[in-house]
Amino acid sequence: MSTYLVYTAGGVLLYALGTYGLLARPHLIHKVISANFMGSGVFLILIGLGNRSPESGPDPVPQAMVLTGIVVTVALTALGLAIVKRYYTATGLDNLDDKPSAGGDR
Amino acid sequence: MGDRRRFPALLPLLASGGVLAFVGRAVLALPPTASGLAVEMRDGAKASGIKNVVTAVLLDFRGYDTLLEIAVLMLATVAVLSLREDPAALSRRIAGRAGPVLGALTRTLAPLMILVAGHLVWVGSSEPGGAFQGGAVLGAAGILMVLSGYAQPAWAGRRMVRWVLTVGLLAFIGVALYPMLGGGSLLQYPDESRKNLILFIEILLTLSIGASILSLFLASASATAGGERP
Amino acid sequence: MTAWLPMLVPAIAGIATFALGKSRGRARNVVNLAAAAISIALVARLVVHAYNGTVISSTIPMLPGLGLGMSADLLGLLFATVATVLWGVTLVYAIGYMDHATDRARFFGFFALCIAAANGVALADDPLSLFIFYEILSLTTYPLVVHTGTPEALAAGRKYLFYALGGGAALLVGVAWLAVIAGQTPFTPGGALAAVSDRTAELRVIFALLVAGFGVKAALMPLHGWLPGAMVAPAPVSSLLHAVAVVKAGVFGIIRLVNELYGPELATSLGVATPLAILAAVSIIIASVIALRQDDFKRRLAYSTIAQLSYITLGTALCSPLAAAGALAHLAHHAVMKITMFFTAGSVYETLHVKKVSQMPGLARRMPLTMASFAVAAFALAGIPPLVGFASKWMLGVGSAQSGSVWALIVYVSSGALALGYMVPILTSALREGDHTPARGAESDPRMLWPIVTVGVLTVVLGLTAGLPGSPVHWAMTAIAPSFGGWTP
Amino acid sequence: MTPVLPAGIGSLTFSLDETGTPFLILFAFLWTISGLYAFATTPAGERARLFAYFVPSALGGVTVALAGDAISFYLCFALMAIPAWGLITHVGTPEARRAGAIYLTLTAIGEAALLAALVIMAVEADSLALPVLAEAIGTSPLRDIAVALLLASIGLKIGTLPASGFLPLSYTYTPAGAASALAGASAKVGALAMLRLLPAGVMPEEWAYVVMALGMATAFLAAILGTLTTTPRAVLGYSSASQMGLILVAAGVSLTSVEAAPLAYGAIVAFSLHHGLAKSALVLGDDVVSRLTGSARTAALAALALPVLALVGAPLTSGFVAKYALKDAVHALHGTVPEAVYALLPWTAIGTAALMLRFFALTRERTAETRVSSPRIPIALWSLVLAAVALVVWIWPAQWNVHAIESALSPSSMWTALWPGLIAIAGWMALRYAPRSAQRLTGIVPPGDVLLGLAAAVTAADRWLAGRSRSRGVTARDERADIGHSLRAAERSAVAWTAASTLFVLLVLLLVALGTR
Amino acid sequence: MNVLAQSPGLLVAVPLAGAAISFVAGRRRAPHVAITTALVVLTLAVALAVHVLDGGPFRYQVGGWGAPLGIDLVADGAAALFLVLTAIVGLVVTLYATAYFRTDDETAYGHGLFWTLWLFMWTSLNALFLTGDVFNVYVCLELVGISAVTLVTIGGGAEALRAGARYLFASMLGAMTYLLGVALLYAATGQLDMDVLRTTLVADTTAATGLALMIAALVLKTALVPAHFWLPAAHGSAPSPVSAVLSSLVVKGSYFVILRLMLDVMPAGYLPGVDIVLGVLGSAAIVWGSVQALLQTRIKQLVAYSTVAQIGYLFLVFPLARHGADVLTLALTGVLVHALSHGLAKGSLFLGAGSLMTRFGHDRIADMAGAARSAPALTFGVALAGVTMMGLPPSGGFGAKWLLVSAALASGEWWWAVVLVIGGLLAAAYMFRLLSVLLVDAPTELHASKGDIRTEWLPLALALGAVLLVLAIPLVSDLAAASNVLIHAGVTP
């Protein structure tokens with residue numbers, strides 16, 4: 001198996017895991033983290049697939065894309081955390097389903 | 001769906017599995033070698049005189065992306081600021097006080113981190129590094145200082161902070177617009193001043209990015225400091 | 001540009017009315033009356049031109065390949081004349097009727113806009129333009145129907161919209177479809193679709209869609225449900241809009257459709273005219289029978305309207321020149337008769353709060369002039385010579401017989417019989433001695449009384465002069481003749 | 001301009017011709033007398049209301065004889081018939097209103113049929129002039145329809161079966177003066193229409209036979225119904241229907257044979273004059289009797305015998321002349337049906353006689369009502385009519401009474417005129433000894449017979465319909481609420497996070513699967 | 001400096017500068033910055049449209065490199081239309097916001113940042129309409145997403161936060177899906193520029209997967225049923241000027257990218273069946289959204305569901321595009337007119353709803369009786385906007401419906417016309433449910449204070465624009481003809 005495929009496969013797996021978390025985990029912080037999983041997955045895929053031509057060196061475009069993506073994800077995460085926190089103080093809820101908050105260990 | 005009617009838990013799993021399968025198939029369908037735009041980029045970078053191709057891509061070829069990315073970062077900062085529960089949050093004292101070890105560490109680390117940040121910016125044009133990396137380190141230094149009580153966030157309430165947060169973006173816009181006066185298009189740096197302009201932007205950006213990261217932390221931290229749990 | 005003015009002048013008056021606001025009542029009256037006078041003069045001028053053979057028209061581009069066109073031909077001008085002249089009369093009446101009402105600016109503003117839309121329908125040069133004004137008419141009528149703001153009015157308004165917009169939707173599809181297969185098709189006497197007449201299946205469907213669209217306002221059963229309820233509107237609205245402008249826009253659409261879009265020949269050869277005729281015939285009979293059952297004065301009039309509108313539809317669908325001319329003449333005649341009746345209904349309600357036929361005893365003494373005008377109109381409606389209703393009914397009947405459709409003739413005369421059945425009891429009830437007897441001779445506000453008398457007299461005068469040049473009968477025959485090639489009246 | 005179009009009032013032509021003259025005189029006389037009578041007998045407060053209807057009705061009723069074209073004829077026909085509704089409902093009782101409703105319905109139908117016929121005829125003739133119309137329709141393909149419509153209209157006007165209740169209904173509740181006009185003049189407009197509009201001698205024999213048979217049936221059946229009815233007026237109404245049946249026989253005769261048509265027309269005129277005057281006299285007489293007491297009442301009852309006898313067709317009365325003319329007309333036809341009709345004609349007089357006996361009996365039994373107004377004027381007016389009954393038919397300058405006058409005094413014809421009356425009297429006497437159950441039959445027929453049943457059925461249907469539509473509305477509202485509720489619930493579950501986002505990912509997969517096929 | 005030629009660059013740089021300046025200007029001066037920016041942007045948008053009308057579409061090479069090295073902006077007729085729409089609605093919303101967000105209100109700190117957030121959003125929308133690079137789309141989408149989410153929560157309150165959270169997660173899901181798509185597409189083709197992709201795209205599983213992912217992600221951002229789950233709550237609980245922008249402009253941004261990808265970038269028959277699916281979902285949106293709008297009891301929820309429905313119309317162009325140049329022209333012009341008229345009308349409706357809520361102090365439709373008497377201009381504005389939502393003449397909505405119905409009939413697939421007609425009728429149903437209440441006689445006088453002239457008349461102004469749009473249809477068709485979709489389809493020479 002080529003090296004690039006290892007990265008890429010890891011990325012795909014991360015992405016799928018993140019997807020499940022975002023879809024199914026009720027706790028909002030879990031959702032934020034899951035979204036970061038998805039982002040990291042995509043970044044891995046980008047880097048992995050951008051590294052398929054060893055002779056000419058890694059493609060700089062995916063790297064630039066990943067850098068931009070990271071900044072964007074950081075911004076999104078910050079905003080997500082801020083909203084979740086504010087939502088929690090306003091309602092006392094940590095999920096969107098009107099279930100009572102379960103506590104930090106969930 | 002909550003307690004009223006349980007949504008079948010299997011379906012999200014199935015959906016994620018489907019994603020795995022389809023994306024996996026798409027990846028496997030790719031030829032094992034491809035160069036993408038690597039060659040064009042390297043050739044272009046040579047022409048532009050920036051040694052680090054990634055930096056060239058980031059700040060020159062796709063500088064427009066970066067301009068918008070800076071906007072994203074600043075936007076997120078403004079967004080988080082707007083979400084504060086009370087306007088005074090940014091200037092509230094952080095409860096934590098540095099112990100002797102942390103204090104000593106901070107005294108040693110903080111200047112070092114600022115130096116590292118400067119270095120990262122400086123080498124950015126030829127080696128891995130640049131404004132984002134530098135800004136991140138700078139921001140981290142700021143957070144460290146606040147947490148250990150060496151800097152109080154009181155300064156953040158002033159107009160000064162807004163300027164620091166904004167200056168990078170403003171400079172970037174200014175530099176982007178500047179070529180237009182000469183008939184060029186947005187971000188079309190004149191060849192002779194390309195390097196200096198990029199460095200100028202990078203430096204101011206580093207400041208703003210650092211301030212952004214610090215502000216993001218402070219705005220979020222303000223409530224946490226009261227012991228509330230999200 | 002002149003062809004646009006009969007539409008624009010009332011529209012401007014309407015907007016000016018809104019702009020004047022609630023308080024400046026006198027200025028509002030002046031603006032509206034002046035606009036009516038100007039419109040009448042404009043239409044008159046166009047009529048003179050059209051009679052001399054000059055049809056003034058103009059088109060502005062709007063949708064890709066399609067324009068918005070106005071054309072002042074005799075056919076359209078007949079409707080425009082009816083709408084405009086009766087607008088003037090109704091304004092006077094409405095000023096009296098709405099004397100103590102609230103929201104008069106809104107009322108008169110939308111009123112003028114309705115007339116603008118009706119004139120637009122009348123003079124529209126092609127299906128698209130007609131459709132556009134037709135829909136504007138639906139919309140501008142709604143605020144008038146719900147004007148009183150009572151739950152009853154709102155329910156009626158909802159129903160009205162449900163029907164009007166449903167019909168509009170059918171119309172939209174039909175008109176668009178037509179535009180897709182035939183492009184811009186200005187109304188042409190005798191038909192405008194010769195080029196695509198081989199696409200019979202599509203043309204049949206389009207015809208059905210267009211009839212469904214126009215049929216709503218023409219209250220063709222089973223699309224009539226909105227009309228009786230819409231009578232909750234203030235009387236001037238019922239009078240003008242439901243006897244003159246709105247419902248007539250529907251039948252006028254059918255007249256254009258049969259005579260000047262498809263043309264009688266194509267409509268006959270496609271086999272679409274006869275089903276329409278049968279539908280109209282059924283409407284006539286059923287509506288008349290239902291009218292017999294109504295005790296509410298305005299509802300009875302409403303069902304009568306449904307039947308009378310189908311007279312026009314039936315006459316048009318027979319595709320026989322005299323019947324078509326009769327239908328067109330009836331458009332004008334029925335307007336005059338029915339407006340008299342609705343004015344009466346409004347007056348007796350506003351003056352004495354009488355809403356039901358059974359509450360009317362004593363009215364004939366109390367309001368002799370009003371009820372006399374009503375009586376004249378009632379007999380005219382039943383087709384008693386020499387009143388105005390007879391002239392068109394006779395033409396319709398003779399036209400039916402000429403085209404070999406004796407069944408249509410039977411329908412017409414039966415409906416006349418039924419009209420007697422629902423009109424005469426009103427008169428008798430009013431003539432009986434009753435609650436309103438004591439204050440004899442106390443007529444309504446003169447601003448309401450004289451319009452009634454005017455239109456009442458008009459039902460007689462138009463009947464007596466039906467044979468003279470320039471009468472609606474003569475006018476209708478001149479306007480319809482080109483659709484039937486060699487026919488000379 | 002097409003000649004079939006009415007050019008407004010200008011085309012309303014009125015002219016006096018040979019056909020119209022007797023009718024004009026009859027109508028003018030009866031409407032005037034009746035009007036005066038009504039004026040004299042109506043309380044002052046009610047006069048305006050009564051005459052609001054009476055005047056237009058009279059106007060139409062008289063000028064109809066002058067009408068020269070289709071439009072004016074129709075106008076007058078309608079003008080007379082429609083306001084008469086107000087006369088019938090004048091008293092305002094529920095029965096009167098119901099009678100009025102039925103009258104109006106049938107009148108309207110009759111008008112409609114007449115108008116349809118006129119339109120067809122005008123189209124076929126391309127003219128509006130009445131003489132041309134009747135001629136032109138004879139050769140038209142629409143002849144049968146037009147004649148059927150005409151007969152329907154006329155039949156309704158004169159109370160032919162199955163609308164035999166029409167006339168009794170219209171007389172029963174009407175104030176006496178007005179009733180007299182309706183009884184004497186109104187139905188005779190139907191006779192005028194026969195003369196004016198029915199095409200002469202062009203119809204197939206079957207048509208004539210059916211019409212004649214219908215006329216005979218009406219003559220007999222109306223008589224039976226009349227003897228079983230309740231009030232003197234109703235009896236008179238059925239009597240009218242019966243007599244009008246005979247006129248219909250004459251009309252039938254005219255349809256098929258050109259030769260017999262003049263005779264038939266003569267019979268129609270004769271019958272119209274005779275019956276119009278006599279019936280008017282009976283209606284007025286009934287009213288006059290009710291206003292009198294004592295010897296005056298007896299005298300009036302005696303005078304009432306004159307029109308009674310005339311109707312029966314007793315010798316030397318106007319009825320004798322009319323029947324003679326009718327017999328002549330029927331005799332002019334040959335064939336089984338005309339001969340049967342001819343043979344049966346005298347027997348109709350039995351029915352009439354029975355009716356008159358019943359009328360006389362009912363009138364006599366009536367208790368006198370005290371009225372404020374003096375009965376002098378009514379008596380005078382009545383006398384005038386009586387005089388007309390006695391004289392007019394005999395002195396009328398025409399062909400139709402020549403034969404009758406010639407044979408008026410011959411014993412055979414006298415006998416022919418007498419025996420039916422005698423049989424009726426004999427039957428009347430016999431009835432006194434009849435079982436009580438048979439006697440109780442009298443009075444079982446309300447004026448209007450089957451028409452009342454029909455009206456009741458219509459009312460019931462109307463109520464049922466109204467009830468149904470009400471109950472439908474309620475259930476529809478409930479259903480709407482339920483649907484709204486479930487739609488809202490569906491949306492709630494569709495936007496819940498896990499469901500919605502999973503749905504989205506499934507959509508992603510669908511698009512990918514489709515796109516990479 | 002040639003403003004006409006530089007307009008694409010300026011359309012991004014100017015509002016971005018405005019955003020930055022408004023942040024440092026402070027809350028009192030920020031509104032002035034915003035108004036100035038709005039006026040300049042409007043001028044620039046019109047200049048760009050004029051330039052496109054004069055000389056056809058043009059590309060703007062940011063940084064002077066040109067694709068594939070650099071990022072190109074593409075100014076064609078369709079983009080010009082969306083830019084002008086954004087500028088008009090943007091200006092009106094800015095003016096309205098000066099009345100809505102009182103600068104003297106100390107308790108709502110977030111309100112002070114409205115101007116900055118709003119100008120960021122405007123920047124990102126302009127950038128989205130202009131960009132020709134699929135990765136740049138991602139950055140723009142994130143800018144739009146973050147600013148939109150923040151603006152939803154700006155009013156505070158549990159409901160807005162909850163809606164914002166949902167919106168944020170939906171936004172994340174969409175962004176990640178889109179980025180994954182770009183990654184796959186780039187891996188397969190090595191290209192990011194749309195125009196280059198257009199000419200080089202070949203049938204390939206990876207590229208197709210990538211494009212399908214991108215389309216799906218954009219569908220989520222456009223809130224097409226069933227991916228509409230985040231929209232009603234977000235649009236319904238945001239401050240009214242924000243709702244107006246979200247509904248009338250933001251969803252159009254991602255839609256515009258779908259339009260480009262589906263009709264311009266991908267060759268005919270690429271991603272087979274996806275066009276039909278989009279059409280079917282569009283139809284479902286029309287019906288479902290309208291029905292739900294009909295069931296709502298609160299005014300902004302009603303308007304929000306109306307957006308769900310109206311978005312559906314935009315997707316009918318895709319199945320129709322398969323039927324040749326004539327139908328494509330009709331359908332594309334139709335959706336462009338619809339996007340414009342819906343943008344104006346929906347802006348008007350949300351602003352109007354905001355004014356009504358301010359007047360009444362609540363958002364329950366049933367208790368809004370009497371508005372017609374106390375606020376005639378406002379009610380009239382809502383009514384006019386309703387007219388265009390229903391697609392009744394004379395209005396832009398009518399023009400759109402006419403064009404789409406014509407396209408459906410000309411294509412032979414008449415069932416899309418049926419959907420359009422049903423949608424119009426349902427729109428009438430929910431609009432009149434609202435209007436009939438406003439027209440009712442109020443039993444008591446309104447307790448709320450009299451409205452500001454801006455909150456009364458600006459909704460009417462937008463609605464009038466939506467109505468008068470019908471007269472501008474020839475202009476819109478000219479711009480549609482100058483769009484790359486039609487030029488590349490060979491319709492326009």
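Q: In this model, which residue of β2(E) is the bridge partner of Arg59(E)?
A: The model is a predicted one, and in it Arg59(E) has Val74(E) of β2(E) as its bridge partner.

Q: Is strand β2 of chain E buried or exposed, and how does one judge that?
A: A residue counts as buried if 20 or more other C-beta atoms lie within 10 Å of its own. In strand β2 (residues 71-75) of chain E, five of the five residues are buried, so the strand is largely enclosed by the rest of the structure.

Q: Which residues of β2(E) point one way, and which the other way?
A: Ile71(E), Leu73(E) and Ala75(E) point one way from β2(E), while Asp72(E) and Val74(E) point the other way, and all are buried.

Q: How is the packing of two helices described, and what is the case for α1 and α4 of chain C?
A: Two packed helices are described by the angle between their axes and the distance between the axes. For helix α1 (residues 5-20) of chain C and helix α4 (residues 104-123) of chain C, the axes come within 8 Å and cross at roughly 165 degrees. That angle makes α1(C) roughly antiparallel to α4(C), and the crossing of α1(C) and α4(C) is left-handed.

Q: Which residues meet where α1(C) touches α4(C)?
A: The residues from α1(C) include Pro6(C), Met7(C), Pro10(C) and Phe18(C), and those they meet in α4(C) include Phe108(C), Phe110(C), Leu113(C) and Ile115(C). By class, this contact of α1(C) with α4(C) has 15 nonpolar, five polar and no charged residues.

Q: What do the axes of α11 and α16 in chain D show?
A: Helix α11 (residues 205-227) of chain D and helix α16 (residues 336-365) of chain D have axes that come within 9 Å and cross at roughly 20 degrees. That makes α11(D) roughly parallel to α16(D), and α11(D) passes α16(D) in a left-handed crossing. Among the residues in contact are Tyr209(D), Met212(D) and Phe220(D) in α11(D), and Val337(D), Leu344(D) and Arg358(D) in α16(D). The contact of α11(D) with α16(D) divides by class into 13 nonpolar, five polar and one charged residues.

Q: How many residues join chain A to chain D?
A: Five residues of chain A are in contact with five residues of chain D, and the side of chain A that touches chain D has four nonpolar, one polar and no charged residues.

Q: How far apart are the nearest C-alpha atoms of chains A and C, which do not touch?
A: The nearest C-alpha atoms of chain A and chain C are 38 Å apart. Chain B and chain C are likewise joined by no contact, and their closest C-alpha atoms lie 37 Å apart.

Conventions. Residues are numbered from 1 along each chain as its sequence is written. Chains are lettered from A and ligands numbered from 1 in the order in which they are written. This is a predicted model: local features need pLDDT of at least 70, side-chain atom pairs count only at pLDDT 80 or more; totals for chains, interfaces and linings use all residues. Axes are lines fitted to C-alpha atoms, for helices over the stretch in contact, and angles run from 0 to 180 degrees between N-to-C directions. Helices (H or I, at least four residues) and strands (E, at least two) are DSSP runs, numbered from the N terminus. Angles under 35 degrees count as roughly parallel, over 145 as roughly antiparallel, 65 to 115 as roughly perpendicular and the rest as oblique. A crossing is left-handed if the near helix is turned anticlockwise from the far one by less than a right angle, and right-handed if clockwise. Two residues are in contact if their C-beta atoms, placed from the backbone, lie within 7 Å. Ala, Val, Leu, Ile, Met, Phe, Trp, Tyr, Cys and Pro count as nonpolar, Asp, Glu, Lys and Arg as charged, and the others, Gly among them, as polar. A residue is buried if 20 or more other C-beta atoms lie within 10 Å of its own, exposed if 12 or fewer, and partly exposed in between; C-beta atoms are placed from the backbone. Two strands pair if DSSP finds at least two bridges between them.
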